[in-house]
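This briefing covers a sheet, the packing of helices and pairs of aromatic rings. Please consult the sequence and the structure shown below while reading.

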Amino acid sequence: MQVDLYALLFQVADELYPALPARGNTAKISAGDGLVVTGDPEKLARVFNNLLKNAAVYSYPDTEISISAEKKGRNAVVVFRNHGQTIPEDKLVHIFEKFSRLDEARLSDTGGAGLGLSIAKEIISLHGGEITAQSNGETVTFTITLPVSD
C-alpha cells in the first residue's frame, strides 16, 4: 500500500499533540509533500508514534521535538530529534534490543516494558529499511531510512 509520509507524520503528531504542552514541549514537522513509501500505514504509524512518545517523555521540559522527512536518492529519510539527557554509548548500542530500558523499570515513572524500540526496528526491517540512534551533546536522534515507492 502507498503511504504518504507527510500525511502520516502529521497524523501521528496531531494525535500526541495534547500530551506535549503538559511539559512545555512542542513538535515541529518538516516534511516534503509527495514523499511516498510502500508499506503498512498502521505499522509505520506505530513506529512513529513510539518515537514521538519516547521523545516527549525523555525531552527536557520546554524544548522542541523536531521531525523531518526528505528524499535522499532512492530512500525516504525520517529523523526524530529531541533535546534530553545524552544516552551513554554503552546503553545506546543495546537500545533496539528487547526489554532494553535506559532507566531501571522498577524505579521509573515512564512506564513501558522496553519493547517499543525493538518492535520499531523489526517493523522498519520488514519494510526494507533501517533505524539508527545517535546521542551526543544532549541531543537524541533517531533516523529511519525507507525505500521510496516508484
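Five strands make up an open sheet of mixed pairing, in the order β2-β4-β5-β7-β6; strands are DSSP runs of E of at least two residues, helices are runs of H or I of at least four, and both are numbered from the N terminus. Two strands count as paired if DSSP finds at least two bridges between them. The model is predicted: local features need pLDDT of at least 70 and side-chain atom pairs count only at pLDDT 80 or more, whereas totals for chains, interfaces and linings use all residues. Residues are numbered from 1 along each chain as its sequence is written, and side-chain values use heavy atoms, with hydrogens and water left out.

- Six bridges join β2 to β4 (residues 64-72) in the parallel sense, and A27 stands opposite I65 in β4.
- In general, the strands of a sheet pair through backbone hydrogen bonds, either parallel or antiparallel.

**Helix α2 and its surroundings**

- α2 lies across β4, β5 (75-83), β6 and β7 (139-147), and runs at about 20° to β5.
- α2 (residues 41-58) packs against α4 (residues 116-126) at an angle of about 145°, their axes being 9 Å apart; axes are lines fitted to C-alpha atoms, for helices over the stretch in contact, and angles run from 0 to 180 degrees between N-to-C directions.
- The contact (heavy atoms within 4.5 Å) involves K43, L44, R46, V47, N50, L51 and N54 of α2 together with G116, L117, I119, A120, I123 and I124 of α4.

**Aromatic pairs**

- The structure holds three aromatic pairs; rings of Phe, Tyr and Trp (its six-membered ring) pair if their centres lie within 6.5 Å, and planes under 30 degrees apart are stacked, over 60 edge-to-face and the rest tilted.
- Y6 and F10 form a tilted pair, 4.8 Å centre to centre with 50° between the planes; both lie in helix α1 (residues 5-16), four residues apart.
- Y6 is partly exposed at 30% relative accessible area, as is F10 at 37%; buried means under 20%, exposed over 50% and partly exposed in between (1.4 Å probe, protein chains only).
- F96 and F142 have ring centres 6.1 Å apart and planes at 90°, so their pair is edge-to-face.
- This pair links distant parts of the chain, with F96 in the loop between α3 (89-92) and α4 and F142 in β7, 46 residues apart; both F96 and F142 are buried.
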